[in-house]
Amino acid sequence: MREIVFATGNAHKLAEVQAVLGDEFRLVTAAGAGITEEIPETGLTLEQNASQKSHYLYERQGVDCFADDTGLEVDALGGAPGVHSARYAGEGHDFEANNRLLLENLEGAADRSARFRTVISLILDGREYLFEGRVEGRIAESRSGCGGFGYDPLFIPEGSEVSFAEMTADEKNAISHRGRAVRQLAEFLKNR
Ligand code: IMP
């Protein structure tokens, strides 16, 4: 079984990715690999952030590892909140405040198209590989549903009548940015 470090402190995310990877691989958190400080995330793009986090781990521990970064890109807002999705309404991870600000900034906008994008940077045997998963959709006029997290109550994926927050975890995962990026990572690792 091959061990890979996932640069996250989020146990829920780790379990989700572990389930897709199966038991050929054993995922370890950053803390499990001896990195207890917060890993810096100062890039201007999702790619830079994911890459910064995986390199941070690799340079210190020399292990196979990967990191992810996700953002919501709204066309009418020039791609915002993008890399600032977690802190759109200020420091802290206040999903409600972020959703309120997004609705305010889109008031009266005719174009409500948006996408979620997840980028994964994998460092395997010292070489970096990037994977991207995206889902196109639009920002609703008001929230609906109570599942998921973050912007889920406002995001309606293309081809759907309901928001991510109205879907089961499996329904969302089948089409989501993160689900798609993680399945690409899994396929790549299994074919090595
Ligand atoms: P992270 O890079 O996975 O930590 O995501 C950054 C931010 O993007 C989160 O704090 C959420 O605000 C938002 N986000 C990421 N993934 C999702 C999702 O699946 N649904 C809704 N919001 C998300």
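View A. P81 lies in strand β4, which covers residues 81-82. A cis peptide bond joins P81 to A80. Its omega angle is about -5 degrees. Like every view here, this one shows a predicted model.

**View B. A loop residue with positive phi.** D125 lies in the loop between strands β5 (113-124) and β6. Phi of D125 is near 50 degrees. That is a positive value, and D125 is a residue other than glycine.

View C. A pair of aromatic rings is described by the distance of the centres and the angle of the planes. The whole structure holds 7 aromatic pairs. In one of them, the rings of F131 and F188 have their centres 5.3 Å apart. Their planes meet at 65 degrees, so the pair is edge-to-face. The cut-off for that label is over 60 degrees. F131 sits in strand β6 (residues 127-139), while F188 sits in helix α5. The pair therefore ties together parts that are 57 residues apart in sequence.

View D. A polar backbone atom of T70 lies 3.0 Å from an oxygen atom of the ligand. Now look at the side chains. In D152, an N or O atom of the side chain is 2.6 Å from a nitrogen atom of the ligand. For R178, a side-chain N or O atom is 2.6 Å from a ligand nitrogen atom. How much of the ligand does the protein bury? Taken alone, the ligand exposes 480 Å², and the protein buries 90% of that.

**View E. The pocket and the shell around the ligand.** The ligand takes up the space of the largest pocket. Which elements give two or more residues to the shell around the ligand? They are β3 (65-74) and α5 (177-190). In total, 14 residues surround the ligand. The closest are K13, T70, D152, K172 and R178. By type, the shell divides into 5 nonpolar, 4 polar and 5 charged residues.

Methods
Residues numbered from 1 in each chain as written. Predicted model: local features only at pLDDT ≥ 70, side-chain atom pairs only at ≥ 80, totals over all residues. Heavy atoms only, no water. Near = heavy atom within 4 Å. Polar contact = N/O pair within 3.5 Å; in protein donor to acceptor, adjacent residues only side chain to side chain. Areas by Shrake-Rupley, 256 points an atom, 1.4 Å probe, with all protein chains shown as cover. 1 Å grid on protein atoms, 1.4 Å probe; cavity = no way out; pocket = protein on both sides within 12 Å on 5 of 7 lines; lining within 4 Å. Sits in = over half its atoms within 2 Å of the grid points. Helix = DSSP H or I, 4+ residues; strand = E, 2+ residues; numbered from the N terminus. Nonpolar A, V, L, I, M, F, W, Y, C, P; charged D, E, K, R; others polar. Phe/Tyr/Trp six-rings, centres within 6.5 Å; stacked < 30°, edge-to-face > 60°.
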